[in-house]
Every structure is written in C-alpha cells, then in structure tokens.
Amino acid sequence: MTLYQIRNFIDGKLQPGNGVAMTTLNPANNAVLASGFESTAGDVDAAVKAARKGLAIWRATPSAQRARVLFKAAQILRDRNDELALVETRDTGRAIQETEIVDVVSGVECLEYFAGVAGSITGEHIDLAGNFAYTRREPVGVCAAIGAWNYPIQIACWKAAPALACGNAVVYKPSEVTPLSAIAVAQALQEAGLPDGVYNVVQGARECGAALVEHPGVDKVSLTGSAQTGAKVASVAAGGMKAVTMELGGKSPMIVFEDADLDNAVSGAQMANFYSSGQICSNGTRVFVHESVKEAFLEKLVARSKNLVLGDPEKPETQVGPIVSKAQFDKIMSYIEIGKKEGAKVVLGGDAVTENMPRGGYYVAPTVFADCTDDMTIVREEIFGPVMSVLTFKTEEEAIRRANDTEYGLAAGVFTRDLSRGHRVVAQLEAGTCWINTYNITPIEMPFGGVKKSGVGRENSRAAIDHYTRVKSVYVETGDVEAPY
Ligand SMILES: NC(=O)c1ccc[n+]([C@@H]2O[C@H](COP(=O)([O-])OP(=O)(O)OC[C@H]3O[C@@H](n4cnc5c(N)ncnc54)[C@H](O)[C@@H]3O)[C@@H](O)[C@H]2O)c1
Ligand SMILES: C[N+](C)(C)CC=O
C-alpha cells in the first residue's frame with residue numbers, strides 16, 4: 001500500500017494513465033512513496049485534445065474572470081501549504097524547513113502576480129498619419145510544459161500562472177521522479193473555477209515528454225530541465241516551428257572581491273551550494289575568491305558549514321536533506337571522486353553519509369573543494385549536488401574572463417562593498433540573472449532565465465508575458481484604397 005497515487009488530470013478528471021506501472025521512492029529512506037501508471041501517447045493525445053477544447057473557452061474569458069480564478073487557486077494552495085510542503089519533502093527529499101516556507105509560497109505568489117497582471121495584457125496603438133495600426137496580444141495556444149524534479153510545485157506554477165493569465169491552455173508533465181504536486185495545482189485550479197480542459201497533467205518520463213512536444217496540437221513548449229534535454233526538445237519543437245521557453249542547467253560563478261563583507265559572502269556561498277542539498281539550477285558552484293582573502297573566507301566557510309544538520313528531511317531541525325534519487329546520488333559521488341583524483345583539496349565533507357541517517361536514503365555531506373583550477377571536471381560540469389569548488393583570482397579582469405569561460409550562462413553573483421565595481425562587473429558577466437551581495441533570490445517580480453546553453457526566454461515578471469502571447473498587427477485604412485491599376 002503506497003502513500004500516494006500517481007494520476008493524470010485530463011479534461012477536469014483525475015484518472016490513471018493507460019501505460020506501464022510507475023512508482024516513486026522517498027529519497028529519505030528508499031521506501032515506495034507513490035504508484036500509478038504512465039501516460040501513453042493516447043493519453044497525451046487526449047490531454048492535448050482537451051486542452052484545445054479548453055483553449056476555445058479560456059481565451060474568450062474576460063481577463064478579470066481569469067484573474068479571479070488564479071487568485072482563488074492561489075488562496076486554495078496557500079491554505080494547503082503545510083500538507084503540500086510535506087508532499088514536496090517526501091517527493092524531493094528537501095528539508096521541510098525549506099518546503100514549508102519556499103515551495104508553495106513561491107507558486108502562490110506567481111499565481112497572484114499573474115492574476116494581477118492579467119487585466120493589463122494589451123497591445124499598442126500605432127499612429128500612421130491619418131491611418132493607424134494596432135496590435136493585439138493573443139494567447140499562443142496550447143502550451144506543453146515539462147518540469148524538473150527539484151522544485152516541482154514551484155516549476156508547475158511558474159509555467160501555469162503566466163500561461164493561464166494570457167489565455168492559453170496547458171498540458172503539464174512533471175518529472176517522473178516527482179509526479180505528485182502537479183495534481184494538487186490542477187485540483188486547486190479546478191476548485192477555483194477553471195473550465196475543464198484548460199489545465200491538464202500527464203505522467204511519465206522521456207517518452208511521454210517527447211509525445212507531448214511532437215504533438216501537432218501543441219503550439220508552445222516550456223521546459224525546465226538539463227541543457228542536454230533542452231537541446232533535444234528545442235530541436236524537435238523547431239521542426240514544428242513551435243515557440244520555446246528553455247529553463248536549463250548552469251555552472252554559475254560567484255565572485256568574492258577583496259573588499260567584500262566576508263560573512264555575507266560565506267552566507268551567499270552556502271545558499272549557492274548547500275540549500276536544497278545543492279540541487280538548484282542557478283547555484284554558484286564556481287566560487288572565485290580574491291587570493292588575499294582566500295584563507296579567511298575558507299576558515300569562516302568551513303567553521304560555519306561543518307555543523308550543518310544533515311538528516312531526515314521531515315524533521316524540523318534538518319537543514320540538508322538527502323539527494324533526490326539513487327541516480328543523482330551516484331552522479332554526485334562520482335564527481336566527488338573525480339574532484340579528488342584531479343587534485344582538488346577537500347576542505348569539508350567529500351563523502352556519503354550513512355551514520356545516524358535514516359536507512360536506505362541518499363545522503364551526501366556538504367562538500368567544499370579548495371585549490372581548484374578552471375580545467376577540472378568538477379569546475380566545468382554541472383554536478384547538481386552539495387559540492388562547491390573554490391578558486392582564487394588576482395584581478396577584476398581575470399575574474400570576469402574566467403567566470404565567463406563556460407558554455408552555461410544561467411546566473412552569477414558578485415560580492416563587493418564597492419557598488420560601482422558590482423555594477424561594472426555584472427554588466428560584463430554572461431548570465432541571465434545576476435546578484436550583487438546576495439545569491440539565489442528569485443522574486444516573482446524579477447525575470448529569471450539564462451543565456452548560452454542555459455536557455456532562452458524568461459519566466460516570471462512582465463517579461464514572461466512576451467513568451468505566452470503572440471502579437472497580431474492590424475492595419476486600419478481610414479481613406480480610399482489607392483491602387484495603381
Ligand atoms: N533554469 C531553471 O529554471 C531550472 C530549474 C530547475 C532545474 N533545472 C535543471 O534541470 C536539471 C535537473 O532536472 P532533471 O534531471 O529533471 O532534468 P532532465 O533534463 O533529465 O528532465 C527534465 C524533464 O524533461 C523530461 N524529458 C527528458 N527527456 C525528454 C525528451 N527527449 N523530450 C521531452 N521531455 C523530456 C523529463 O522527463 C523531465 O520531466 C538540471 O540541469 C537543472 O539545472 C533548471
Ligand atoms: C528557479 N529556482 C532557482 C528557484 C530553482 C531552480 O532550480
């Protein structure tokens with residue numbers, strides 16, 4: 001008897017998938033958490049057809065009514081915060097002290113933000129000296145949305161809220177590793193009055209996602225996932241000339257200048273590497289520290305990080321939970337071994353932890369490598385775990401050049417008391433989202449997204465409206481038609 005059921009939500013109805021059986025495990029203890037069935041290509045087809053039917057209703061719904069539904073769904077989710085935070089903790093392994101204050105809250109704030117924006121999604125008037133033109137901002141259509149496993153309910157809401165505010169219909173596929181909370185979002189929207197078919201959920205892995213992306217009834221694809229998956233999905237979408245938003249991985253730099261407040265810089269580095277057991281896309285995993293403050297930085301970092309409470313994520317005192325799955329755990333441990341072999345110096349952690357941990361879980365000690373060099377594998381590749389690489393630099397120009405020496409461009413951070421330098425440096429960093437004197441803060445009002453292999457498009461803020469609407473131009477002739485014939 002499993003704790004939760006994995007189900008589809010199609011045309012307003014909860015239903016099992018028609019594909020093969022699927023289960024998920026609680027990464028805290030490896031016990032079966034949820035079971036159900038994957039969606040087949042037929043289920044995906046049914047979901048897209050339901051979405052096309054829902055689209056016709058929803059795009060014609062006045063924006064004030066759309067806003068009311070989003071506001072109401074936000075309130076329903078807010079009321080279920082604690083129950084859903086527990087689901088997220090069991091599904092992802094992330095500490096309850098995080099999920100209770102971040103995950104549902106971020107999703108709810110996104111629904112509220114776009115509910116507020118819904119009524120102001122307008123085109124423009126273009127004066128043409130006697131004649132005029134205007135533009136209409138119309139929904140793109142049926143949006144296929146595909147999520148990653150680290151922040152399931154947040155990712156679902158960051159895609160649903162702007163899509164629905166703009167009058168689109170959605171078929172959402174959560175990660176097969178964390179299938180549960182997407183259904184809670186669908187149910188809240190339905191209870192809030194969303195017409196059947198406007199928001200649908202299908203379940204499964206790559207094949208299910210691929211069937212969705214390829215479906216001719218889909219107009220746009222929004223993916224949160226790895227750069228490798230992003231490249232594949234974007235190329236399939238391009239075949240159908242479908243619009244894309246790609247929120248992908250990164251290997252982001254965090255630069256600590258010699259004049260930085262070192263306590264703040266250490267807090268930033270911890271948030272950029274150990275929060276959510278390091279499973280955050282924008283993490284600043286390449287920490288460049290000015291050589292004159294390296295020893296002081298490392299001393300403070302190790303002193304403050306060695307007592308982080310690792311353990312059962314459902315316990316309120318736990319700060320760092322397990323890794324989401326065995327596959328991800330094995331990947332992280334293999335990178336740690338490569339880091340050691342390539343000569344990086346472990347100054348904290350560097351091991352899996354089993355002592356005093358729930359049996360069967362995937363626990364990795366928060367790990368800091370010092371004496372790293374730019375060519376090391378752990379410095380070049382995304383690890384997506386609690387593993388920080390510390391490097392040193394001498395000059396501002398050198399720090400910028402080396403920070404940009406990556407195929408990724410999701411995020412970056414700069415710590416300095418010299419704000420002129422802070423602005424000058426971020427202006428030169430090749431990253432979609434930057435922070436000065438903090439790290440990993442992602443308010444809904446601020447665009448979020450990457451450049452280079454970290455993606456295209458932006459989530460959150462008014463910038464997201466551009467990605468969930470298309471512009472129609474209308475030229476209006478006020479006189480006679482002049483024809484040369
Ligand atoms: N930029 C962001 O906002 C952001 C946020 C969270 C995670 N991420 C990134 O996500 C990655 C970790 O998540 P993951 O392991 O779930 O990523 P992943 O790329 O393995 O999977 C992401 C999603 O894509 C689906 N998928 C895989 N192959 C597909 C295909 N060929 N066609 C359609 N769908 C397919 C998966 O089933 C899953 O739902 C990391 O690289 C992380 O940086 C990015
Ligand atoms: C989008 N963010 C940074 C909140 C979580 C990504 O992994």
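Biologist: From which domains does the shell around ligand 1 draw at least three residues each?

Modeller: A residue is in the shell if one of its heavy atoms lies within 4 Å of the ligand, and domain bounds come from an automatic or database domain assignment. Here the shell takes at least three residues from each of domain 1 (41-248) and domain 2 (253-436). Keep in mind that this is a predicted model, where local features need pLDDT of at least 70, side-chain atom pairs count only at pLDDT 80 or more, and totals for chains, interfaces and linings use all residues. Residues are numbered from 1 along each chain as its sequence is written, chains are lettered from A and ligands numbered from 1 in the order in which they are written, and side-chain values use heavy atoms, with hydrogens and water left out.

Biologist: How many residues surround ligand 1, and which are the closest?

Modeller: There are 27, with Gly147, Glu176, Ser226, Thr229 and Glu382 the closest. Helix H8 (206-214) gives the largest share, three residues, while strand S11 (220-224) and helix H9 (227-239) each supply at least two; helices (H or I, at least four residues) and strands (E, at least two) are DSSP runs numbered from the N terminus.

Biologist: Which protein atoms make polar contacts with ligand 1?

Modeller: A polar contact is a pair of N or O atoms within 3.5 Å. Polar side-chain atoms of Thr229, at 2.6 Å, and Trp149, at 2.8 Å, each meet an oxygen atom of ligand 1. A nitrogen atom of the ligand also sits 2.8 Å from a polar backbone atom of Leu248. On its own, ligand 1 has 850 Å² of accessible area, and the protein covers 88% of it (Shrake-Rupley method, 1.4 Å probe).

Biologist: Why does ligand 2 lie between the domains?

Modeller: Domain 1 and domain 2 both give residues to its shell, so ligand 2 lies between them. Among the residues around ligand 2 are Trp158, Ser282 and Phe448. One oxygen atom of ligand 2 is 2.7 Å from a side-chain N or O atom of Asn150, and an oxygen is 2.9 Å from a polar backbone atom of Cys281. The protein buries 90% of the 250 Å² that ligand 2 exposes when taken alone.

Biologist: How much area do the two domains bury between them?

Modeller: Interface size is often given as the accessible area lost when the parts come together; here that loss is summed over both parts, with a 1.4 Å probe. Domain 1 and domain 2 bury about 1600 Å², 55% of it on carbon and sulfur atoms. On the domain 1 side, Gln97, Glu98 and Trp149 lose the most area, together 31% of what that side buries.

Notes. A polar contact is a pair of N or O atoms within 3.5 Å; within protein, one must be able to donate a hydrogen and the other to accept it, and residues adjacent in sequence count only if both atoms are side-chain atoms.
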